[in-house]
Amino acid sequence: MDFSKLFSLEGRVAVVTGGSRGIGAMIAEGFIAAGCARVYITARKAAVVEETAARLGERCIALPGDISTVAGCEALAADLAQRESQIDILVNNAGVAWGAEFDAFPEAGWDKVMNLNVKTPFFLTQKLHGLLMAAASNNQPAKVINIASVDGLRPNPWETYSYQASKAAVIQLTRRMAARLIRDNIVVSCICPGAFPSEMNKAAAKRPEESARGIPSRRIGTAEDMAGGAIFLASRAGDYVVGTPLPIDGGIVNGWIPEEVVDPSGH
């Protein structure tokens, strides 16, 4: 074993949904730096996708499109099949959130979130199953990395009912998909991000110091933090990590108690 190549993605082909900005763009940039031959990024806004691909260089390829429906997933899979004989890595990152008070939460805010956040990762993986299997072997499995959230691991204080439910569902979906796809030498795992600057997390993007007060590490996540976790799971280093949700959150989920909370016993 050449340990110097443990985290290498040299020569691999990756697809990152929602790859035009935020966490998706961080992962795409990291994959390119780790040696991917090509990284395809997709999102609805063509101009933004093209701009990001141009910024990341010739190994990043823009494939604009809407994958919130099964038809959209099929269209993306067909496009990729015209370009590639195999896909080594799929990152199901595209997602959306919706917030509204409990008594006013609309059906549209439920369906839109559940469709993109839960249905799309399943059906896009299904439609790309053949290309993933073409890349997969026992010595070098293909990888599917679903992007959930720390909000799928614990309640947050905001009224984002469908978002929290969807991210918990992604974690359980990851486990179920992993149990089935490992038979095909496809390793499915999951990242649960905390506070990273993005369009979805405007507080972290616009008020990072304020957001950092609620994080044990006392800072929000950076591109290096997200890319590092994704490269770990996508590379040889993560081949034996099957079905596992990986929090990348600066310690939000695991046991942090705010300093201002006083133990009633006086300790």
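Leaving aside its neighbours within four places in sequence, which residues is Ile-27 in contact with?

1. Ile-27 and its contacts. The model discussed here is predicted. Once the neighbours within four places in sequence are set aside, Ile-27 is in contact with Val-16, Val-91, Ile-147, Met-226 and Ala-230.

2. The largest nonpolar core. Ile-27 also belongs to the largest nonpolar core, which has 33 residues. Together with Phe-31 and Val-39, Ile-27 is among the residues with the most contacts inside that core. Several elements each supply at least two residues of this core: the strands are strand 1 (13-17), strand 2 (38-42), strand 3 (60-62), strand 4 (89-92) and strand 5 (142-147), and the helices are helix 1 (22-33), helix 2 (46-56) and helix 9 (223-234).

3. The second core. There is a second, separate core, and it has 30 residues. Tyr-40, Leu-76, Met-177 and Val-188 are included in this second core.

4. Overall build. The secondary structure of the protein comes to nine helices and seven strands. The protein is as compact as a globular protein of its length, because its radius of gyration is 18 Å and the globule rule gives 18 Å for 267 residues. The C-alpha trace spans about 60 × 45 × 35 Å along the principal axes.

5. Of the 267 residues in the protein, 49% are buried. Among contacts with a separation of 6 or more, 70% are between residues 24 or more positions apart.

6. Surface and charge. The accessible surface comes to about 13000 Å², and 53% of this surface belongs to carbon and sulfur atoms. The protein has 26 positive and 28 negative side chains. The centres of these two sets lie 4 Å apart.

7. Is Ser-162 buried or exposed? Ser-162 has a relative accessible area of 0%, so this residue is buried, the cut-off for that word being under 20%. Ser-162 is placed in helix 6 (residues 161-181). Leaving aside its neighbours within four places in sequence, Ser-162 is in contact with Trp-98, Phe-105, Gly-109, Trp-110, Val-113 and Met-114.

8. Two residues with positive phi. Most residues other than glycine have a negative phi. Asn-185 has a positive value, with phi near 60°. Asn-185 is found in the loop between helix 6 and strand 6 (186-193), and its relative accessible area of 24% makes this residue partly exposed. Arg-218 also has a positive phi, near 65°. Arg-218 lies in the loop between helix 8 and helix 9 and is partly exposed, with a relative accessible area of 42%.

9. A residue in helix 8. Glu-210 has its place in helix 8 (residues 208-212). At 43% relative accessibility, Glu-210 counts as partly exposed. Glu-210 and Val-96 are 114 residues apart along the chain, and their C-alpha atoms are separated by 23 Å.

10. An exposed tyrosine. Where does Tyr-240 lie? Tyr-240 is in the loop between helix 9 and strand 7 (245-248). With a relative accessible area of 81%, Tyr-240 is exposed, a word that applies over 50%. Tyr-240 and Val-187 are 53 residues apart in sequence, and the distance between them, C-alpha to C-alpha, is 8.0 Å.

Note on methods
Residues are numbered from 1 along each chain as its sequence is written. This is a predicted model: local features need pLDDT of at least 70, side-chain atom pairs count only at pLDDT 80 or more; totals for chains, interfaces and linings use all residues. Side-chain values use heavy atoms; hydrogens and water are left out. Helices (H or I, at least four residues) and strands (E, at least two) are DSSP runs, numbered from the N terminus. Buried means under 20% relative accessible area, exposed over 50%, partly exposed in between (1.4 Å probe, protein chains only). Contact means heavy atoms within 4.5 Å. The radius of gyration is taken over C-alpha atoms; the globule rule is 2.2 Å times the number of residues to the power 0.38. Accessible areas come from the Shrake-Rupley method with a 1.4 Å probe; for residues, only the protein chains shown count as cover. Lys and Arg count as positive and Asp and Glu as negative; His and the chain ends are not counted. The place of a charge is taken as NZ of Lys, CZ of Arg, CG of Asp or CD of Glu. A nonpolar core is a set of buried Ala, Val, Leu, Ile, Met, Phe, Trp, Tyr and Cys residues joined through side-chain atoms within 4.5 Å.
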